[in-house]
Amino acid sequence: MITPVHYMLLSAALFIIGVVGVLVRKNIIIIFMSIELILNAVNINLVAFSAQLQNVVGQVFAVFVIAVAAAEAAVGLGIILAFYRNKETINIDEMNLMRS
Amino acid sequence: MRYIWLIPLLPGLGALVNGVVGIRAFSRKASGLLACATMTVALGLSLVAFWQLLALPSDARAYDAVIAQWIPKIPLATHDGFAALEVPWGFRLDPLSGMMLLVVTGIGLLIHVYSTAYMADEPRGGVARFFCYLNLFCFFMLMLVLGNNFLVMFVGWEGVGLCSYLLIGYWYEKKSASDAGKKAFITNRIGDWGFVLGVFFVYYTFGTFDFRAVQNAAGAMPVETAHFGVLSAICLLLFVGAAGKSAQIPLYVWLPDAMEGPTPVSALIHAATMVTAGVYMVGRNAVLFSHAPMVMEIVAIVGVLTALMAASIGLVQYDIKRVLAYSTVSQLGYMFTAMGVGAFAAGTFHLMTHAFFKALLFLGSGSVIHAMAGEQDMRHMGGLKKYQPVTFATMMIGTLAIAGIPPLAGFFSKDEILFRAFLANKAVWVIAVMTAFMTAFYMFRLMSMTFFGDYRGPAWETTGHGAAAVAAAHGVKHPADPHAHGRAQGPDHEVSHGPAEPHAKTGDDDQGHGHAHGAWHGPHESPTPMTLPLQALAVGAIIAGFVGIPAALGGGNTIEKFLEPSFAAEQVEARGSTRSTSSGQAGSPRADANAARPELVEGRAEEHETAHVSTGVEIGLMAFSVLVAVVGISLAYKFYVTSPEISARLADRWAGAHRLLLNKYYVDELYNGTIIAGTMASARKLWTFDRNVVDGAVNGTSWLTVISSWFSGLTDRTVVDGLVNFVGWIVQEGSLLFRRLQTGLVQNYALLMLFGIFAFVSIYLLVR
């Protein structure tokens, strides 16, 4: 029997993988993908609790998250493209324009 | 007479022009001419003024001229309340100042003329400087003489002291000359100290500086026979000033040294005029002095002792000018003796005659020195009679005058003094007669050594290689020259202060007179500008005495009558006191008889009797003093001309006394040892105190400042700067950590965010 605990463990695992991916990877595309993992970890939680509590609001919220993630991915990829055109790299270590 | 203020002013103007323009621009002749011209005009004015003075009735012979206000009215405390201190530039012409006026301008002019020739070898600027000083001297001397109050006189008094200093040190490159100038100036300062105190005292007592007012006020005061009162104190202080200026014991030491100056200066300042200022001042304050009989006694004693002491020193000196200097001191002593016994007119009379013959003698000695190319030692002269006939003749007249041979000037004035001294005090008279004997002796010794005998000076160019001349010059024995030999073998005191050392003398001669062998062509008569004043003064030395022929010789003693009003308080105001004035002059019957004051009628019979009784005595005294003078002269002639070995033998016999006299009683050494050494020692002590204590305090303060500022700097560096640096250090060190965080890498920020969230959540969970 699948209980909310299992969902939450899955979601936590996904979240941690995502976070680690964001923190340790250099490639910005992979970081984006890790962010998608984090968002989806949240979505799993939302849908799991929606089903558990017999409340549709969680599922609606998950759909919103997917929509926002898509928009975010579009904007993010645009930035990456622009950056790549300037610096010919997508290595996040070299994205340090804020440093003096 | 209205223009008497011009008399001092003209030489002053001459001095100004010569001093400001002349030293740079004038030729020797121009500066001399300017100086002589001012003196000529001054003499002319003086003669006119004197003539007008004579035309006045004898009791109204006084003229006051105030040319400007000097000190405006200032209230000042005096003996009785407050008086107004008010001093005008006032000049007064009366018999006394009139006589001095003629002496100063007359002899001054002659000496100016003389100087034009005497100083002709000086550099151009030096001549102008000399005439500037000489004119300045006349300016101040005339102011001293003419001043009608103590302060104007004091200006002149100090001014002549200044000029004396300048002229003694005229050859200032010479150490001895500048030293002598300083000595004269400092010694005079001591006297001036007394004089100025006396003047203050006069003002405090009488509330005025005017001579006439002071004399009148003093005339109204009782004679201080028994006690030493205020008048005595004033007179004693004034006499200190007179002793300084007129070279009396104990302040006479500067005058012999003053001979370092040019000879015309010695003649004008240190014989004829300036040194007589003290006598003149005492005469000016005759009423004051006659009211202080105790001080009069002091004056007489000091005067006669000075006369004796200086005359005895003069007996053995070898420097021709020094003999005359001591003679001057001695004659000044005579004048003070006269003043001290109340014979003011006789003292002033002697002042005048002395001015003539002493100026004559000094100028004559200058002529000799000029002829000998600067030689002053009489041992190197001799036989100059044939080279300098005019100088010899005029100096002979001066010598006879000073020795007191009638009918020359010195006879009348000196005999007058001797007679009055005889009446006043027999002891004083004895000393004065001894002095008269010495005077005759040393003056004739001077004449003998200079003009008689054989020439002993250095040889000169044209005949310089003649055997006799060379032998004489070097004191070597020569068969035809016995006297020179005798002299050369005699004791050479100037050099060795001991027994004969003929060889040392020979060596000295060679070195000392090497310079004279150049352009010098032997002794010669001086040029006309020098002999002319000599002749004029010789005439003066002959006739100056005729104004004072005493009654005993059938004369009228004109000068005494003429001067009398200057020595008495004014009769109108001081009728009651005139009696006391005359009675204060104890034993001066002739002064009273000559004064012929109407209010003395009741006492006249008795006084006439005294006068008649003393006429015989007077003639006897005169004969005696002439005898004494003749004996002195003949002794000197015997000792120094006919048999010169006697003097050498005498000197050997009384070597101790001779040495004592030659070293001037060691008075200079005594002063050096006591007063000067004491002053120097105390100055040194004070200097040590100054260096240790005063400087020490100053240095200590500076040390304190240095140390405290060092501490202050230390605090500044450590505490204040430390605080500032500490703040900076904290910021710097703190920023190190935060700078680490600012990597600019997004992942770092994200990691930190994560840690932050983790931390907050952990805290939230733990705290809850």
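In chain A, 13% of the 100 residues are buried. This figure, like the others here, comes from a predicted model. For chain B, the buried share is 51% of 768 residues.

Along the principal axes, the C-alpha atoms of chain A fill a box of roughly 50 × 25 × 20 Å.

Chain A contains three helices and zero strands, so its order of elements from the N terminus reads α-α-α. Two of these helices pack against each other. Two packed helices are described by the angle between their axes and the distance between the axes. For helix 2 (residues 28–53) of chain A and helix 3 (residues 57–87) of chain A, the angle is about 175° and the axes are 8 Å apart. Because angles over 145 degrees count as roughly antiparallel, helix 2 of chain A is roughly antiparallel to helix 3 of chain A.

Which residues bring these two helices together? On the side of helix 2 of chain A, they include Ile28(A), Phe32(A), Leu39(A), Val42(A), Leu46(A) and Phe49(A). Helix 3 of chain A contributes, among others, Val57(A), Phe61(A), Val65(A), Ile66(A), Ala69(A) and Ile80(A). The contact of helix 2 with helix 3 of chain A divides into 15 nonpolar residues, five polar and one charged.

Contacts within chain A can also be sorted by separation in sequence. Of those between residues at least 6 apart, 42% join residues at least 24 apart. In chain B, residues 24 or more positions apart account for 78% of the contacts with a separation of 6 or more.

Chain B comes to 31 helices and two strands. One of its elements, helix 5 of chain B, is mostly covered, with 15 of its 19 residues buried. This helix takes in residues 150–168, and at 1.5 Å a residue it should span 27 Å. The end C-alpha atoms of helix 5 of chain B are 26 Å apart, which agrees with that expectation.

The two chains also touch each other. Nine residues from chain A and nine residues from chain B take part in the contact. On the side of chain A that touches chain B, six residues are nonpolar, one is polar and two are charged.

How values were computed
Residues numbered from 1 in each chain as written. Chains lettered and ligands numbered in written order. Predicted model: local features only at pLDDT ≥ 70, side-chain atom pairs only at ≥ 80, totals over all residues. Contact = placed C-beta atoms within 7 Å. Nonpolar A, V, L, I, M, F, W, Y, C, P; charged D, E, K, R; others polar. Helix = DSSP H or I, 4+ residues; strand = E, 2+ residues; numbered from the N terminus. Buried ≥ 20, exposed ≤ 12 C-beta atoms within 10 Å, placed from the backbone. Expected span 1.5 Å × (residues − 1). Axes fitted to C-alpha atoms, helices over the stretch in contact; angles between N-to-C directions. Parallel < 35°, antiparallel > 145°, perpendicular 65-115°, else oblique.
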